[in-house]
Amino acid sequence: MTAILERISTLSVSGQQLRRLPKLLEEGFPKMPGTVKESDVPQLFREPYIQAGYRPTGQHWRYYFFSLFQKHNEVVNVWTHLLAALAVLLRFNVFAEAEELTLEVQSLPLFLFVLSSVTYLTCSLLAHLLQSKSEMFHYTFYFVDYVGVSVYQYGSALAHFYYSSDQAWYDKFWLFFLPAAAFCGWLSCAGCCYAKYRYRRPYPVMRKVCQVIPAGLAFILDISPVAHRVVMCHLEGCEETAAWYHTFQILFFLVSAYFFSCPVPEKYFPGSCDIVGHAHQIFHAFLAICTLSQQEAIFLDYKNRQDIFRRRHGPLSVILSCGSFFGLVACSAVTAHLLQRRIRVELAKKES
């Protein structure tokens with residue numbers, strides 16, 4: 001009986017400690033300013049129909065990093081892509097160990113695809129985590145985000161081209177697909193950066209046009225090898241697992257594109273979706289699921305279609321096209337930097 005009472009006493013102490021845990025964690029973090037309403041932040045930081053949950057500008061960098069654990073209107077955007085980036089890396093590690101993957105010519109596009117996926121997710125989460133610091137950093141981090149998107153687009157194009165395309169599509173488009181994909185990736189970055197630089201809130205329709213049309217062209221081109229294969233597979237009664245993952249990838253992307261373009265549901269419930277549930281968060285969630293489905297499909301294609309890869313591609317062509325990946329990164333980064341410099345000049349004039 002004494003032993004039982006001692007055990008119950010221990011559980012009681014543990015329960016009290018658990019109840020105190022949230023307070024102990026809160027005391028362990030630096031004192032955090034509360035969030036503010038849209039009227040308390042500059043126009044640049046306001047989002048349509050989002051009325052509260054904004055972080056004040058001009059705080060110490062520590063505040064914005066620790067806001068990862070604070071309730072505000074960007075925190076879901078940050079966590080969706082943070083968790084997705086970790087999932088991509090963990091799944092790649094499992095696959096690499098199972099397949100005894102090494103860095104060689106045949107696996108180069110696969111490594112670049114994973115790198116591009118982690119890059120865009122990381123750039124995105126940093127943009128949403130840190131953009132509230134100031135107007136200059138708002139532009140800077142979103143420009144970095146757009147570079148990440150262009151990198152992911154071309155990384156996807158490489159993987160689709162080398163591992164996922166069927167022969168009928170390949171015979172028609174192999175010559176110009178990758179150069180066109182690289183150009184569209186850069187154009188997507190340039191269009192998004194220019195739209196951010198050129199237009200001010202409240203944004204006109206032309207801003208979405210500058211963003212959506214180049215990005216849409218890049219998606220249509222990059223997904224074309226997969227889309228052709230998916231259609232042909234389903235017409236023949238698809239039983240291929242990879243094709244089903246590619247199908248889900250396309251569907252999830254289309255859903256995410258809808259929420260990127262339309263402020264739903266916050267348009268119909270202004271002020272009710274400030275912290276959780278607004279369109280950009282839903283866009284992030286579906287895009288993350290799209291990337292994970294895409295990764296699974298590409299892993300299966302890499303594993304099951306190695307003979308097709310060897311028959312089509314020589315080492316030199318693979319190395320050159322993978323080298324162009326870093327050329328795209330450089331061109332996109334330079335474009336973003338040039339527009340960032342123009343923003344810096346304009347903000348300096350505004351302050352003076």
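Q: Leaving aside neighbours within four places in sequence, what is His128 in contact with?
A: His128 is in contact with Arg55, Glu74, Asn77, Val78, Tyr142, His280 and His284 (contact means heavy atoms within 4.5 Å). This is a predicted model, where local features need pLDDT of at least 70, side-chain atom pairs count only at pLDDT 80 or more, and totals for chains, interfaces and linings use all residues. Residues are numbered from 1 along each chain as its sequence is written, and side-chain values use heavy atoms, with hydrogens and water left out.

Q: Where do I look for His128, and is it buried or exposed?
A: Look in helix 4, residues 108–130 (helices are DSSP runs of H or I, at least four residues, and strands are runs of E, at least two, numbered from the N terminus). His128 counts as buried because its relative accessibility is 3% (buried is under 20% relative accessible area, exposed over 50%, partly exposed in between, with a 1.4 Å probe and protein chains only).

Q: Which residues does the UniProt "binding site" annotation cover?
A: The UniProt record, an unreviewed entry, puts that label on His128, His280 and His284. Its positions are given in the numbering used here, feature names are shortened, and annotations may be inferred rather than shown by experiment.

Q: Why can we say they gather at one spot?
A: They span 157 residues in sequence, but no two of their C-alpha atoms are more than 11.2 Å apart, so they do come together at one spot.

Q: And where's His284?
A: His284 is in helix 10, residues 279–304. With a relative accessible area of 1%, His284 is buried.

Q: What does His284 touch, not counting residues up to four places away?
A: His284 touches Asn77, Thr80, His81, Ser124 and His128.

Q: New topic: what about Gln211, buried or exposed?
A: Gln211 is buried, at 4% relative accessibility. You'll find Gln211 in helix 8, residues 205–235. Beyond its neighbours within four places in sequence, Gln211 contacts Tyr146, Cys192, Ala195 and Phe260.

Q: What kind of peptide bond runs from Val264 to Pro265?
A: That one is cis, with omega near 15°. Pro265 sits in the loop between helix 9 (241–261) and helix 10.

Q: What's the phi of Tyr49?
A: Tyr49 has a positive phi of about 70°, though it is not a glycine. Most residues other than glycine have a negative phi, and most peptide bonds are trans. Tyr49 is in the loop between helix 1 (2–28) and helix 2 (61–66), and Tyr49 is partly exposed at 34% relative accessibility.

Q: And Glu100?
A: Glu100 also isn't a glycine, and its phi is positive, about 50°. Glu100 belongs to the loop between helix 3 (75–99) and helix 4, and Glu100 is exposed, with a relative accessible area of 67%.

Q: How many aromatic pairs are there?
A: The count is 33 aromatic pairs (rings of Phe, Tyr and Trp, using the six-membered ring of Trp, pair if their centres lie within 6.5 Å; planes under 30 degrees apart are stacked, over 60 edge-to-face and the rest tilted). In one of the pairs, Phe69 and Trp79 have ring centres 6.3 Å apart and planes at 65°, so that pair is edge-to-face. Phe69 is in the loop between helix 2 and helix 3 and Trp79 is in helix 3, so the pair ties together parts ten residues apart in sequence.

Q: How are the rings of Phe161 and Phe177 arranged?
A: They're stacked, because their centres are 5.8 Å apart and their planes are at 15°. Phe161 is in helix 5 (residues 135–164) and Phe177 in helix 7 (residues 177–198), so this pair links distant parts of the chain, 16 residues apart. Phe161 is buried at 4%, and Phe177 is buried at 1% relative accessibility.
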